[in-house]
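Here is a short briefing on one structure.

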Amino acid sequence: MPSVDSTPIYKQFPDVPAFTLNRFPDSAVINKQGLKKKTATIIILFSPDCDHCKTATKNLIANMEGLKKAQIIMVSNLDFGWIKKFDDQFNLSKYDNISLATQQNFFLYEFYDLSSFPAVFVYDKKGKLIGDYKNHIDFAVVAALLKQK
């Protein structure tokens, strides 16, 4: 019997995945083709009602100086009402490099083999995966990783 590859899909295909999201608050489409070229990308899967996600977001904001050159996409499956409360709490809309978004399907959750929140996937300027973090995330480590690349 042939063996089944248990490597998560995102590690088998280490490029930024093709995705379609709706940006908060205007529902504009965000997709891979619209990403800035030659810019690091950080994809954060989160839930606005998750305490671990709130802690990670505080850490993200505290380390924003080292992340300001990256494009950060924070994705939830919950509706804009939840995302608005989250944005009101953390004022993420004030950061030009952060986009809050929803996905209408579970594509990214399945692609990244998501089992808990938050989850962070870091891509270099060429769109190649250079780091993945689940549950506990220290954005100082992410900033240091991006500085090396």
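Two strands count as paired if DSSP finds at least two bridges between them. Helices (H or I, at least four residues) and strands (E, at least two) are DSSP runs, numbered from the N terminus. By that rule, strand β1 (residues 20-23) and β2 run antiparallel and are joined by three bridges.

This is a predicted model: local features need pLDDT of at least 70, side-chain atom pairs count only at pLDDT 80 or more, and totals for chains, interfaces and linings use all residues. Residues are numbered from 1 along each chain as its sequence is written, and side-chain values use heavy atoms, with hydrogens and water left out.

**Sheet**

- Seven strands make an open sheet with mixed pairing. Their order is β2-β1-β5-β4-β3-β6-β7.
- β2 (29-31) and β7 (129-134) are the edge strands. Each of them pairs on one side only.
- From one strand to the next, the twist averages 30 degrees.
- L21 has I30 in β2 as its bridge partner.
- Strands of a sheet pair through backbone hydrogen bonds, either parallel or antiparallel.

**Helix across the sheet**

- Helix α6 (residues 139-148) lies across β3 (41-45), β6 (119-123) and β7.
- α6 runs at about 175 degrees to β7. Axes are lines fitted to C-alpha atoms, for helices over the stretch in contact, and angles run from 0 to 180 degrees between N-to-C directions.
- Contact means heavy atoms within 4.5 Å.

**Cis peptide bonds**

- The bond from F24 to P25 is cis, with omega near 5 degrees. P25 sits in the loop between β1 and β2.
- The bond from F117 to P118 is also cis, with omega near -15 degrees. P118 sits in the loop between α5 (107-111) and β6.

**Positive phi**

- N91 is not a glycine, yet its phi is positive, at about 55 degrees. The residue is in the loop between α4 (80-90) and β5 (98-102).
- N91 is partly exposed, with a relative accessible area of 41%. Buried means under 20% relative accessible area, exposed over 50%, and partly exposed in between (1.4 Å probe, protein chains only).
- D113 is not a glycine either, and has a positive phi of about 55 degrees. Its place is the loop between α5 and β6.
- D113 is partly exposed, at a relative accessible area of 47%.

**S76**

- S76 belongs to strand β4 (residues 71-76).
- Is S76 buried or exposed? S76 counts as buried because its relative accessibility is 1%.
- The S76 side chain reaches the backbone nitrogen of L78 at 3.0 Å.
- Leaving out residues up to four places away in sequence, S76 touches F46, S47, P48, I83, A101, T102, Q103 and Y109.

**Largest pocket**

- The largest pocket has a volume of about 290 Å³. A pocket is found on a 1 Å grid over the protein atoms alone, as an open set of points where a 1.4 Å probe fits, with protein on both sides within 12 Å along at least five of seven lines.
- Volume here is the space filled by probe spheres set on the points.
- α3 (64-67) and α6 each supply at least two lining residues. α3 gives the most, with three.

Definitions and conventions: A polar contact is a pair of N or O atoms within 3.5 Å; within protein, one must be able to donate a hydrogen and the other to accept it, and residues adjacent in sequence count only if both atoms are side-chain atoms. On a 1 Å grid over the protein atoms alone, a cavity is a set of points where a 1.4 Å probe fits but cannot get out, and a pocket is an open set with protein on both sides within 12 Å along at least five of seven lines; lining residues have an atom within 4 Å of a point.
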